[in-house]
Amino acid sequence: LEPLGDAVLPLLRAWVRPGGGLRWLGTSRVRPGHDGEVALEVGPLSEAAAIELFVTRARAAARFEPEGSRAAVAALVARLLAVLACFTGPFDAPDAEGAGGEEALDGLQRLRDHSLVHAHRAGGLALYESIRQYVAERRGALPDGGRAAELAFVAWMARWGAPAHLERLWHRGHEGPTAAHERSADDLLAAVDLALRWGALDAGG
């Protein structure tokens, strides 16, 4: 419910009037605070269940493609996930396209359609943290050890100082430029660590 904001609460209160018998069910990370509400806490999935859910949703992203293109779609989704998991927090569509390549926006929509990416409360998009950690931990199992995905992220972040990149960063999100800069600074530090890992501080690979 929290993505709907405070505007939804008056509507819900109007619906749930004393003696009306109407009940509503919603999910939220924050309790709405409605009189008479009953909260049922849902704990996190076990690691095995979380992995199963992730694999199921990732496969579903390519399920409705013609047979000949399923492998290509699955590969696109896997590559994009590997890149997006490099971001330490929220990112936006230009980030996904800049780091993930020309086909990234198609892949990003597939990830959103299958609930692997969500709208972040601070603005922009984000992988669910459990998914981000899962992908990041297993990126090294890719045939190249994750090198291509990580250096694509490094190359994108290497443009951080370019005027056009700074202009976009200044308007990024809804929480103000300071917080936006702090988030991208975290990503920049992550990029430096990855560049050092691959001995590619020039981001050229």
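Biologist: Which residues are buried in helix α6 (residues 129-138)?

Modeller: Ile-131, Arg-132, Tyr-134 and Val-135 are the buried ones in α6. Buried means under 20% relative accessible area, exposed over 50% and partly exposed in between, using a 1.4 Å probe and protein chains only. Helices here are DSSP runs of H or I with at least four residues, numbered from the N terminus. Before we go on: this is a predicted model, so local features need pLDDT of at least 70 and side-chain atom pairs count only at pLDDT 80 or more, while totals for chains, interfaces and linings use all residues. Residues are numbered from 1 along each chain as its sequence is written, and side-chain values use heavy atoms, with hydrogens and water left out.

Biologist: OK, on to α5. Which residues are buried there?

Modeller: In α5 the buried residues are Ala-104, Gly-107, Leu-108 and Leu-111. Their arc around the axis is only 105°, so they lie on the same side of α5. Asp-106 and Asp-113 are exposed on the other side of α5.

Biologist: Why would residues three or four places apart point the same way?

Modeller: Because an α-helix has 3.6 residues a turn.

Biologist: And what follows α5?

Modeller: Ser-115, with a positive phi near 60°.

Biologist: How do the axes of α4 and α5 cross?

Modeller: At roughly 125°, with the axes of α4 (residues 93-100) and α5 (residues 104-113) coming within 8 Å. The axes are lines fitted to C-alpha atoms, for helices over the stretch in contact, and angles run from 0 to 180 degrees between N-to-C directions. That makes α4 and α5 oblique to each other; under 35 degrees counts as roughly parallel, over 145 as roughly antiparallel, 65 to 115 as roughly perpendicular and the rest as oblique.

Biologist: Which residues make that contact?

Modeller: On α4, Ala-93, Ala-96, Glu-97 and Gly-100; on α5, Ala-104, Leu-105 and Leu-108. Contact means heavy atoms within 4.5 Å.

Biologist: What does α4 do with α7?

Modeller: α4 packs with α7 (residues 147-157) at an angle of about 120°, and their axes are 8 Å apart. So α4 and α7 are oblique to each other. Pro-94, Asp-95, Gly-98 and Ala-99 in α4 meet Ala-152, Phe-153 and Trp-156 in α7.

Biologist: Where is Glu-37, then?

Modeller: Glu-37 is in the loop between α1 (8-15) and α2 (47-60). With a relative accessible area of 21%, Glu-37 is partly exposed. Not counting residues up to four places away in sequence, Glu-37 touches Arg-31 and Pro-32.

Biologist: Last one: what separates the C-alpha atoms of Ala-75 and Gly-107?

Modeller: They are separated by 9.9 Å, and the two residues are 32 apart along the chain. Ala-75 lies in helix α3 (residues 67-84) and counts as partly exposed, at 31% relative accessibility.

Terms used: Helices (H or I, at least four residues) and strands (E, at least two) are DSSP runs, numbered from the N terminus. The arc is that of the directions from the helix axis to the C-beta atoms.
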